[in-house]
Amino acid sequence: MADDLYLSIKESSTEKSPKKSSLLLRMIVLTLTMICGLYICSVCLKQIRSSSSVDEILNIEVVERLCQTPYMEAWEKPFIHFPKPKTFNRAECSCNPVRNFAILSTQRSGSGWFETLLNSHINISSNGEIFSVKVRKSNVSTILHTLDQIYNLDWLTSASKNECTAAVGLKWMLNQGLVQNHEAITDYFKRNGVSLIFLFRRNLLRRLISIQANAYDQNAKPLNGTHKSHVHSPHEAEILAKYKPVINTTLLISNLKQVEDLAAKALHYFNSTRHIVLYYEDVVKNQTKLFEVQDFLKVPRMELKSRQVKIHKGALSQQVENWDDVKKTLNGTTYESFLHDDYKL
């Protein structure tokens with residue numbers, strides 16, 4: 001009996017020993033499995049991060065490819081841009097190309113009327129006479145900084161078409177820091193693919209009459225005490241046209257030559273840029289000139305309209321107080337043709 005009990009205890013102790021070994025082995029295997037699992041997870045995370053960054057790069061490259069315009073000729077590519085404004089999002093139009101332009105002119109040459117025509121186009125934004133404000137033309141750095149804002153679509157005016165803009169520009173008078181800083185500005189125009197629209201007036205005598213009448217209006221303000229350089233009704237135009245300036249005939253020829261020389265100088269300075277030359281009289285007489293401008297800016301052709309009403313109409317002899325003196329002064333000179341101008345619109 002005692003022997004049987006001994007054998008039973010011995011068998012029991014020998015059975016427990018293998019179970020302990022098996023449990024320890026399982027724990028070791030489980031620990032190794034967890035370690036391997038953690039390692040594999042960390043490797044996978046690194047690969048995911050790496051692939052996501054690659055995807056971002058690929059996405060950027062895809063966007064850039066989408067913004068390309070392969071249908072354009074090689075010479076056109078420097079003149080197209082894809083602005084990224086800081087003040088708003090171009091949204092679905094972000095890959096629509098934009099062309100930069102500037103209207104270069106002299107005061108009272110029809111540039112205000114011409115600009116309203118351009119702004120009636122759904123895709124053109126011309127932001128007005130930006131550099132009439134003295135501080136903006138105080139030095140070259142200020143001028144170029146202002147141009148950067150305009151051509152990046154960050155200069156917001158009533159003319160801004162924002163995201164749907166296809167051509168953006170401004171009106172710039174030759175005496176507003178343009179000719180004085182022509183070297184730096186020419187370089188800027190070329191670097192930023194700015195196309196130029198020169199707008200001049202053939203009959204400089206008519207321009208001089210308009211300048212003197214406008215100066216009178218600034219002081220007299222016959223329209224209910226307000227000054228208006230441009231009007232939108234025939235009644236207002238009739239009131240302003242009543243004034244007939246007295247031309248200083250002593251300075252007349254030198255004044256005409258000064259404006260003529262300024263225009264010639266501007267054409268010489270900016271001749272190397274892409275440009276078109278227009279004359280106010282031609283645009284008035286021939287509306288197809290506006291199609292030429294739209295083709296020049298590479299925008300769809302549209303019928304352009306303006307609410308502005310012309311102030312001075314009819315024969316020049318009816319618009320100047322001392323017409324006989326003016327005739328005597330210009331007869332026999334290179335400016336005699338201005339006296340016989342049949343332009344009566």
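Buried means under 20% relative accessible area, exposed over 50%, and partly exposed in between, with a 1.4 Å probe and protein chains only. The model is predicted: local features need pLDDT of at least 70, side-chain atom pairs count only at pLDDT 80 or more, and totals for chains, interfaces and linings use all residues. Residues are numbered from 1 along each chain as its sequence is written, and side-chain values use heavy atoms, leaving out hydrogens and water.

**Exercise 1. Decide whether Asn-89 is buried or exposed, and find what its side chain reaches.**

Step 1. Asn-89 has 61% relative accessibility, so it counts as exposed.

Step 2. Asn-89 sits in the loop between α1 (2-66) and β1 (99-105). Helices (H or I, at least four residues) and strands (E, at least two) are DSSP runs, numbered from the N terminus.

Step 3. The Asn-89 side chain reaches the backbone nitrogen of Ala-91 at 2.7 Å. This is a polar contact, that is, a pair of N or O atoms within 3.5 Å; within protein, one must be able to donate a hydrogen and the other to accept it, and residues adjacent in sequence count only if both atoms are side-chain atoms.

Step 4. From C-alpha to C-alpha, Asn-89 and Glu-163 are 7.3 Å apart in space, although 74 residues apart in sequence.

**Exercise 2. Describe the surroundings of Ser-126.**

Step 1. Ser-126 belongs to strand β2 (residues 124-126).

Step 2. With a relative accessible area of 1%, Ser-126 is buried.

Step 3. Leaving aside residues up to four places away in sequence, Ser-126 touches Phe-101, Ile-103, Glu-115, Asn-119, Ala-159, Gly-169, Leu-170 and Lys-171. Contact here means heavy atoms within 4.5 Å.

Step 4. The side chains of Ser-126 and Glu-115 are joined by a polar contact of 2.6 Å.

**Exercise 3. Work out how the buried residues of helix α9 are arranged and what they pack against.**

Step 1. Helix α9 (residues 288-296) has Leu-290, Val-293, Gln-294 and Phe-296 as its buried residues.

Step 2. Down the axis of α9, these buried residues fall within an arc of 160°, so they line one face of the helix. The arc is that of the directions from the helix axis to the C-beta atoms.

Step 3. An α-helix has 3.6 residues a turn, so residues three or four places apart point the same way.

Step 4. The packing partners of the buried α9 residues are α2 (111-119), β4 (194-200), β5 (275-279) and α8 (280-285).

Step 5. Lys-298 follows α9 and has a positive phi, near 60°.

**Exercise 4. Classify the packing of α5 on α7 and of α3 on α4 by angle.**

Step 1. Axes are lines fitted to C-alpha atoms, for helices over the stretch in contact, and angles run from 0 to 180 degrees between N-to-C directions. Angles under 35 degrees count as roughly parallel, over 145 as roughly antiparallel, 65 to 115 as roughly perpendicular and the rest as oblique.

Step 2. Helix α5 (residues 204-220) packs on α7 at an angle of about 105°, with the axes 10 Å apart. That makes α5 roughly perpendicular to α7. Leu-204, Leu-205, Arg-207 and Leu-208 of α5 make the contact with Leu-252, Leu-256, Val-259 and Glu-260 of α7.

Step 3. For helix α3 (residues 140-151) and helix α4 (residues 182-191), the angle is about 25° and the axes are 11 Å apart. Helix α3 is therefore roughly parallel to α4.
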